[in-house]
Amino acid sequence: MILYWLGMFGIAAFAITGVISSGKRDMDLFSLVVLGMVTSLGGGTIRDVILSVETVYWVKDTSYLWVAAASSVFAFFAVRFIENRQTIFHYADSFGLALFTVVATENVLRLGFSATIAVTMGVITGIAGGIIRDLLSNRAPLVLGREFYATPALLGALFIVLLNDVFPSHPYNAIYATTL
Amino acid sequence: MILYWLGMFGIAAFAITGVISSGKRDMDLFSLVVLGMVTSLGGGTIRDVILSVETVYWVKDTSYLWVAAASSVFAFFAVRFIENRQTIFHYADSFGLALFTVVATENVLRLGFSATIAVTMGVITGIAGGIIRDLLSNRAPLVLGREFYATPALLGALFIVLLNDVFPSHPYNAIYATTL
Amino acid sequence: MILYWLGMFGIAAFAITGVISSGKRDMDLFSLVVLGMVTSLGGGTIRDVILSVETVYWVKDTSYLWVAAASSVFAFFAVRFIENRQTIFHYADSFGLALFTVVATENVLRLGFSATIAVTMGVITGIAGGIIRDLLSNRAPLVLGREFYATPALLGALFIVLLNDVFPSHPYNAIYATTL
């Protein structure tokens with residue numbers, strides 16, 4: 001249940017980064033909502049497709065779809081009134097990355113996959129959405145341009161596997177914040 | 001059956017946009033055919049993979065593959081003899097977008113998915129192929145750069161869900177044309 | 001068994017191209033490993049997902065994952081000591097392309113798919129990883145910029161279907177080398 005809500009927060013955070021990402025151009029609402037939704041739902045979709053789950057998570061539970069859409073619409077209007085977009089972008093991006101990696105690693109472990117697969121899927125879920133966003137916004141992928149960007153995702157995923165029976169998000173978020 | 005032929009027309013239209021898209025460079029035939037095929041088959045492939053259908057449509061019925069290949073080869077030779085490539089590009093792109101969105105929304109509804117999922121898949125099928133084409137041709141995705149590009153796809157998909165028992169392509173094409 | 005080892009060699013070759021690909025920038029180890037792994041595992045992942053196989057190959061047998069990771073780490077350190085990176089890049093890329101196309105076409109034929117599908121999948125497996133690498137490294141996809149790049153993959157895949165009962169890699173590699 002806690003994982004569910006953490007996942008929803010991650011989706012909202014990534015949707016916002018998607019909208020900010022091309023906020024400079026004069027795009028219409030729906031195009032930006034598409035970008036926000038691809039950013040927030042992309043990583044988990046790739047994970048589910050690779051793991052051959054029966055139904056992709058947002059097809060099974062459309063609340064994810066609506067949260068992504070609502071956050072994007074909200075960000076579309078809110079982005080006009082904020083000054084420091086880049087700061088918010090980086091915070092939301094880090095926050096979404098940390099949450100997605102944690103939640104996905106934990107969920108994949110619960111599905112009975114090995115630690116190797118769980119860590120791999122945690123990293124994929126964390127970074128894939130942002131990579132797609134950067135490609136679509138026509139800028140060099142953040143994950144591959146800045147130093148030590150993907151590394152905290154790996155460390156976080158490994159940590160969760162080690163501390164599997166403790167509540168996982170606290171220690172990981174701490175690690176992430178310090179590495180940032 | 002009508003849906004089947006409309007889908008084939010959409011594939012031919014998108015294949016042609018794929019070939020025109022990098023027509024300026026001196027590429028060999030097969031590379032352009034690859035680009036045409038990815039453009040025309042990409043959107044539907046992503047849709048089928050996300051919906052976890054048993055067999056992706058062009059693996060089940062290879063006529064789609066051959067239509068995409070033949071249209072690309074045709075466009076490869078025809079493109080040398082036409083003047084207004086950009087006009088044809090935009091018409092074929094709009095035509096393919098409209099057809100794919102309509103056909104996909106209708107098909108997903110028939111598979112028994114909810115209206116939310118059908119509209120989402122309609123939009124994905126309509127825009128994904130063109131996004132991949134623009135990424136591979138190394139230009140900013142059309143769908144995110146021009147105003148009101150993805151919007152008609154959404155409107156069309158919504159309209160089809162509303163008018164589900166009427167023959168769907170007529171009203172949608174009309175809407176699309178006016179929005180264009 | 002021979003196919004298995006050829007596949008492993010292809011993965012190592014592509015992982016190296018992924019690392020070299022952005023070797024100019026000052027990236028940290030893990031980001032480069034991600035790029036190497038996406039390049040080497042991407043094509044086969046797309047193939048398995050489209051064919052709806054029960055379990056994607058590197059989820060079933062994690063040795064692929066480890067070979068990709070180890071080759072990327074090795075390349076990360078080795079790349080500092082070599083002069084002619086571009087030469088190695090092109091050799092490894094051609095080598096990986098040839099191996100992947102051969103192995104994938106052969107494997108898909110063995111799974112009972114038609115020759116059309118086997119050739120299509122061979123080409124996808126061969127070129128998709130390199131396309132993703134080029135997109136992520138923010139350069140025009142090699143496969144679509146240079147003449148006659150994807151063509152040898154098609155020829156190779158067709159040849160294997162024709163010579164299905166002979167050991168396939170030899171003739172194909174020869175063709176590829178000559179076309180190069």
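B:Ser52 is partly exposed, with a relative accessible area of 32%; buried means under 20% relative accessible area, exposed over 50%, and partly exposed in between, with a 1.4 Å probe and protein chains only. The model is predicted, so local features need pLDDT of at least 70 and side-chain atom pairs count only at pLDDT 80 or more, while totals for chains, interfaces and linings use all residues. Residues are numbered from 1 along each chain as its sequence is written, chains are lettered from A and ligands numbered from 1 in the order in which they are written, and side-chain values use heavy atoms, leaving out hydrogens and water.

B:Ser52 lies in the loop between helix H2 (29-50) and helix H3 (57-60) of chain B; helices (H or I, at least four residues) and strands (E, at least two) are DSSP runs, numbered from the N terminus. Although B:Ser52 is not a glycine, its phi is positive, at about 50°. Most residues other than glycine have a negative phi. In chain A, A:Ser52 also has a positive phi of about 50° without being a glycine. A:Ser52 is found in the loop between helix H2 (29-50) and helix H3 (57-60) of chain A, and its relative accessibility of 33% makes it partly exposed.

Chain A as a whole contains nine helices and zero strands. Of its 180 residues, 58% count as buried. Within helix H2 of chain A lies A:Val34, a buried residue with a relative accessible area of 12%. A:Val34 and A:Ala15 are 19 residues apart in sequence and 9.3 Å apart in space, C-alpha to C-alpha.

Helix H1 of chain C covers residues 2-21. The expected span of a helix is 1.5 Å times one less than its number of residues.

Aromatic rings provide the next topic. Rings of Phe, Tyr and Trp (its six-membered ring) pair if their centres lie within 6.5 Å; planes under 30 degrees apart count as stacked, over 60 as edge-to-face and the rest as tilted. By this rule there are 15 aromatic pairs over all chains. In one of them, the ring centres of A:Phe76 and A:Phe77 are 5.1 Å apart and the planes meet at 80°, so the pair is edge-to-face. A:Phe76 is buried at 9% relative accessible area, whereas A:Phe77 is partly exposed at 45%. C:Phe76 and C:Phe77 likewise form an edge-to-face pair, with 5.1 Å centre to centre and 80° between the planes. There, C:Phe76 is buried at 9% and C:Phe77 is partly exposed at 46%.

In chain A, one aromatic cluster is formed by A:Tyr4, A:Trp5, A:Tyr57 and A:Tyr64.
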